[in-house]
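Could you walk me through this model, showing how its sheets, helix contacts and ring pairs are to be read?

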Amino acid sequence: MKERITSRKNPLLQQVKKLLTSRKARLEAGLFVSDGTKLLQEAIRWWPGLDTVILSQDIEMNIPEGVRTVVVPKDVMESISPMQTPQGALFLCRLPEEKPFVPKPGMLLLDGIQDPGNLGTILRTADALQIPVALLEGCADPYSHKVVRSSMGAVFRMEIPQTTWQTVKSACAEKNIPIAVTALSDTAQDLRKASLQTMAVVIGSEGQGVRDEILSCAQNSLMIPMNPNCESLNAAVAAAIVMWQMKQ
């Protein structure tokens, strides 16, 4: 049965605002928020933890049994939606259960990818190419609404472990998975000549690249061949090239 809320001060709507803006609030509540009818359809199809759906009164959707459904006036939806032009749907999902990090050959490791657009694009590409991904320290929250939106719902279809470099380093050593970094250096190997399917490859942050402590421990250094006049590639583009090569 649908509930109806008309007050902008309702506790649920106040919670939505906090969850949209605070990673700490998401972790404490064990919930994250996303927006839009298309993403809601993806969550209904793929995400077992769909918790609450908030719809504008002019939107009709088939919501699964057991999911709390709330209807609000259009002006109330506009007051809580992060979108300039709301699609009329906001929804809360339970955060996934934390699992131990398990390294895999042919895996992408993201180090300090802070831009939500870049992170979402990388996750979307990884989902399309079926490449496992893990997030190291300093990455944007994969369950922020900006990342969920830019991933086009890929976060609902894939596991996204968040771990530390020390954990990755020891786990990969135990499984004999060599770690490679993308870097511009004289010793870097053309990635077209490397067996990326056997490695875990690190993509560094947009501004700083891969951290020094990772660079110093990596067994392989990889270079994306490009015009020497070009200084670097966008992190999401570099990641896409690495993942494509992993599939070859």
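The dialogue below takes up the sheets, then a helix pair, then the aromatic rings of this predicted model.

Q: In what order do the six strands of the open sheet lie, and is the pairing parallel or antiparallel?
A: Two strands pair if at least two bridges are found between them. Here the six strands form an open sheet in the order β7-β6-β10-β8-β11-β9, and the pairing is parallel. Because β7 (133–135) and β9 (189–190) stand at the edges, each with a single partner strand, one side of each is left without a neighbour in the sheet. The partner of β9 is β11 (residues 220–223), to which it runs parallel and is joined by two bridges, and within this pairing Asp-190 stands opposite Met-223 of β11.

Q: Which strands of that sheet does helix α7 touch?
A: Helix α7 (residues 165–174) packs on the sheet with contacts to β6 (107–110), β8 (179–182) and β10 (200–203), and its direction makes about 130° with that of β8.

Q: In what order do the strands of the five-stranded sheet lie?
A: The order is β1-β4-β3-β5-β2, again in an open sheet, but here the pairing is mixed. The edge strands are β1 (3–4) and β2, each of which pairs on one side only. β2 pairs with β5 (residues 89–94) in the antiparallel sense over five bridges, and Asp-35 has Leu-90 in β5 as its bridge partner. Helix α3 (residues 37–46) packs on this sheet, touching β2, β3 (50–56) and β5, with a direction at about 30° to that of β5.

Q: How do the axes of helices α5 and α9 cross?
A: Angles under 35 degrees count as roughly parallel. The axes of α5 (residues 116–129) and α9 (residues 235–246) come within 9 Å and cross at roughly 15°, and the two helices are therefore roughly parallel to each other; the crossing is right-handed.

Q: Which residues meet where α5 packs against α9?
A: From α5, the residues include Ile-122, Ala-126 and Leu-129, while those from α9 include Ala-239, Met-243 and Trp-244. The residues of this contact divide into nine nonpolar, three polar and no charged.

Q: How many aromatic pairs does a search of the whole structure find?
A: A pair of aromatic rings is described by the distance of the centres and the angle of the planes. The search finds six aromatic pairs. In the pair of Phe-32 and Tyr-143, the ring centres are 5.0 Å apart and the planes stand at 45°, so the pair is tilted. This pair links distant parts of the chain, 111 residues apart, with Phe-32 in strand β2 (residues 31–35) and Tyr-143 in the loop between β7 and α6 (145–150).

Technical notes:
Residues numbered from 1 in each chain as written. Predicted model: local features only at pLDDT ≥ 70, side-chain atom pairs only at ≥ 80, totals over all residues. Heavy atoms only, no water. Helix = DSSP H or I, 4+ residues; strand = E, 2+ residues; numbered from the N terminus. Contact = heavy atoms within 4.5 Å. Axes fitted to C-alpha atoms, helices over the stretch in contact; angles between N-to-C directions. Parallel < 35°, antiparallel > 145°, perpendicular 65-115°, else oblique. Left-handed = near helix turned anticlockwise from the far one by under 90°. Nonpolar A, V, L, I, M, F, W, Y, C, P; charged D, E, K, R; others polar. Phe/Tyr/Trp six-rings, centres within 6.5 Å; stacked < 30°, edge-to-face > 60°.
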